[in-house]
Amino acid sequence: EVYLLDVQGNITQKFDVVQVFGLYSAEEFHETFDCPIKIVAVHPHFVRSHFKQFVTGGKKLLLYERGWMNRWKPSVLHEGEGNIRNVKWRGHLIAWANNMGVKILDVISKQRITNVPRDDISLRPDMYPCSLCWKDNLTLIIGWGNSVKICSVKERHASEMRDLPNRYVEIVFQFDTEFYISGLAPLCDQLVILSYVKEISEKTEVECCARPRLDIVQPLPESCEEISSDALTVRGFQENECRDYHLEYSEGESLFYIISPRDVVVAKERDQDDHIDWLLEKKKYEEALMAAEISQKTIKKHKILDIGLAYINHLVEKGEYDLAARKCQKILGKNTELWEFEVYKFKEIGQLKAISRYLPRRDPVLKPLIYEMVLHEFLESDYEGFATLIKEWPGDLYNNTIIVQAVVDHLKKDPQNRTLLQTLAELYTYDQRYGRALEIYLTLRHKDVFQLIHKHNLFSSIRDKIVLLMDFDSEKAVDMLLDNEDKISIDRVVEELENRPELQHVYLHKLFKRDHHKGQRYHEKQISLYAEYDRPNLLPFLRDSTHCPLEKALEICQQRNFVEETVYLLSRMGNSRSALKMIMEELQDVDKAIEFAKEQDDGELWEDLILYSIDKPPFITGLLNNIGTHVDPILLIHRIKEGMEIPNLRDSLVKILQDYNLQILLREGCKKILVADSLSLLKKMHRTQMKGVLVDEENICESCLSPILPSDASKSFNVVVFHCRHMFHKECLPVSNTVSPVQFCNICSAKHRGPGSAILEMKK
């Protein structure tokens, strides 16, 4: 009897006789045969009208074709080699197996193109039947006993035809297996093999039947590689033989049917859902999540979110709270409900701190209550962590007023806590209560105070806090005040710093550096400030200031015995002699005195310097070494008393002579350069003056202003052209002096010889 089953194994239809019929049409073929039918194979395209063919196996291989009047006509394709137990039809090729081997027939040409003999003839063909399957239209897979052959049908070259079939078969892979083959099927470039297994019983030590195996192997040229192997539990496997198992497959669905006398097992290729199931069963949640993300378009059973939530729960159960919180960012995404659910779950286990760093702050934003709950948790146990969250979280995530009040309550218990005070200032800033924030920052001397003032334009609030700012950081405070003079005037700053002259000096000094004229009304005050707090900058200030009262400055410098500054002031006030005397007497520095005399370039000063130095040998040496280019050294040498010992006199005299020779050489060199340049320029002027000058009708006489050329060209005329390109009629020029016959242009030069001298006289 024949049964039609569905995929679940339920009987959908029962047949008492063998029939060929259409599942989705009324077409049916019914025939009773004289002998038992071992196998039936229909044409692959039987449903089409012109492919109504099928073959049957038994003692003969019969081909049935629909002919005239819809009658079926049988024809014998093969007989005489025993029972035909397996037939497979693919395209135009029919493969069948009998006791002798495997044959392949071309249906179109009705030619048998090959005979593949069986390898192990000791095996009974009825007990170990041949398994056949087509991988494609030209590749046949043969399994018989423990041998597998993969055959390829190829076209024969025209030159090799003769009386041979147009096709031939080549065995491309051949290998043996450890067990007997009950069936096989293709799976991409691999093979699915149903194996019949015998093993030795451990108890009785007798060979018995084991559970059949379903193996996936990778064919190699002379062997195979096992990819996977599964033992199948079927009823009565201890009593079954190799011929009792069959393997069929459905090409489009990757379904494989293992048929035994009592069971039909359906096998299918594992998909990503199966892989994820296995990973979840092994508690490999991270790998399962990764696999789901990679195959999210193909998985049907699982959802990424469900796997992710299971992963988070698993991590929480293991006590890996930080990792669980970190995974929330990726798994929960923008789902606010799930975020809030997880936050409450972390609160229940006392791990709000773990999830605080990973809470979303933008897109999505959770309810303010969630953030406030986390902040309160930190405020109760971790001030530093609380301060960090306040800095990192935007102020609009939570109710600022509630948090401010909570911080104020804690400050009542610990009013000097710098962390809480700084955090309170930041909260006031978020709440735009900048005045209170500024007071706290100034109290704490916090570095962000200047940034706060600039960012929120709090200059009106710091008018009475300038001293505090200067005490905190005078450099930044002064820069800020000078950059914003329009908001806090110079007078206001100076007034606020009146009781702190050292700070007042810092401010005025920077003001002077920026602009020498802005604070001119305070220059007199600055003299005392520089003298008291910054003497190194006093002399540069006196030099650069044009508004400083010199008498006041001189008085202060003399009181404090500031020699260099006094010398400068005396020289600036015109009292150079007193200045020089102070250098010589107070500083005893001949080099500075010589430098001063060079700056003033006054002969009387040099005379005074020589008179003062004449009885001081070290001073004489200094003068001899330095005055050679300013004063004639003979004047000094003549005044030196005979017998006076002067250190390094010889070297000084040699230097004077070298300086003199150098001056002579420089003068001669300059003279040569000057003569060469003069000659070159003279030649250039001569070449220029020798060039012709164009005179046409457009030119006019610079004296009478009439055209320089007469309208009648036949008349005689006389024109004078000067090098300055001014032109005159000869009669319009004044009569030349008999003493100096050279004429000059009346316009350019009437007295001196120069570019206006005449160069050309035209006559006609």
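Me: Two strands count as paired when DSSP finds at least two bridges between them. This is a predicted model. What is the order of the open sheet of four strands that includes S12?
Reply: The sheet is open and its pairing is antiparallel. Strand S9 (86-90) and S12 each have a single partner strand, so they stand at the edges. The order is therefore S9-S10-S11-S12.

Me: Which residue in S11 is the bridge partner of Leu93?
Reply: Strand S10 (residues 93-97) pairs with strand S11 (residues 101-106). The sense is antiparallel, over five bridges. In S11, Leu93 has as its bridge partner Asp106.

Me: Is Thr114 buried or exposed?
Reply: Thr114 sits in strand S12 (residues 111-117). Buried means under 20% relative accessible area. Thr114 has 15% relative accessibility, so Thr114 counts as buried.

Me: How many Å apart in space are Thr114 and Tyr168, C-alpha to C-alpha?
Reply: In sequence the two residues are 54 residues apart. Thr114 is also in contact with Val169, leaving aside neighbours within four places in sequence. From C-alpha to C-alpha, Thr114 and Tyr168 are separated in space by 6.5 Å.

Me: In S15, which residue is the bridge partner of Leu140?
Reply: Strand S14 (residues 139-144) pairs with strand S15 (residues 147-155) in the antiparallel sense. Six bridges join the two strands. The partner of Leu140 in S15 is Cys151.

Me: How far is the sulfur of Cys130 from the closest cysteine sulfur?
Reply: Cys130 is buried, with a relative accessible area of 8%. Its closest cysteine sulfur belongs to Cys151. A disulfide needs sulfur atoms within 2.5 Å. The sulfur of Cys130 is too far for a bond, because the distance is 9.9 Å.

Me: What does the count of disulfides come to?
Reply: A disulfide is a covalent bond between the sulfur atoms of two cysteines. The cut-off is 2.5 Å between sulfur atoms. By this rule the number of disulfides is zero.

Me: Are H5 and H7 roughly parallel or roughly antiparallel to each other?
Reply: Helix H5 (residues 336-348) packs on helix H7 (residues 368-381) with axes 11 Å apart. The angle is about 25 degrees. Angles under 35 degrees count as roughly parallel. H5 and H7 are therefore roughly parallel.

Me: Which residues in H7 do Glu340, Val343, Tyr344 and Lys347 in H5 meet?
Reply: H5 passes H7 in a left-handed crossing. The H5 residues Glu340, Val343, Tyr344 and Lys347 meet, in H7, Leu369, Ile370 and Met373.

Me: What is omega for the cis peptide bond that joins Asp363 and Pro364?
Reply: Most residues other than glycine have a negative phi, and most peptide bonds are trans. Asp363 has a positive phi of about 50 degrees. Pro364 lies in the loop between helix H6 (352-356) and H7. The bond joining Asp363 and Pro364 is cis, with omega of about 5 degrees.

Me: Is Asp363 buried or exposed?
Reply: Asp363 is found in the loop between H6 and H7. The cut-off for exposed is over 50%. The relative accessible area of Asp363 is 54%, so Asp363 is exposed.

Me: What is phi of Arg725 near?
Reply: Arg725 lies in the loop between strand S26 (718-722) and strand S27 (727-729). At 41% relative accessibility, Arg725 is partly exposed. Phi is positive in this residue other than glycine, near 70 degrees.

Conventions. Residues are numbered from 1 along each chain as its sequence is written. This is a predicted model: local features need pLDDT of at least 70, side-chain atom pairs count only at pLDDT 80 or more; totals for chains, interfaces and linings use all residues. Side-chain values use heavy atoms; hydrogens and water are left out. Buried means under 20% relative accessible area, exposed over 50%, partly exposed in between (1.4 Å probe, protein chains only). Axes are lines fitted to C-alpha atoms, for helices over the stretch in contact, and angles run from 0 to 180 degrees between N-to-C directions. Angles under 35 degrees count as roughly parallel, over 145 as roughly antiparallel, 65 to 115 as roughly perpendicular and the rest as oblique. A crossing is left-handed if the near helix is turned anticlockwise from the far one by less than a right angle, and right-handed if clockwise. Contact means heavy atoms within 4.5 Å.
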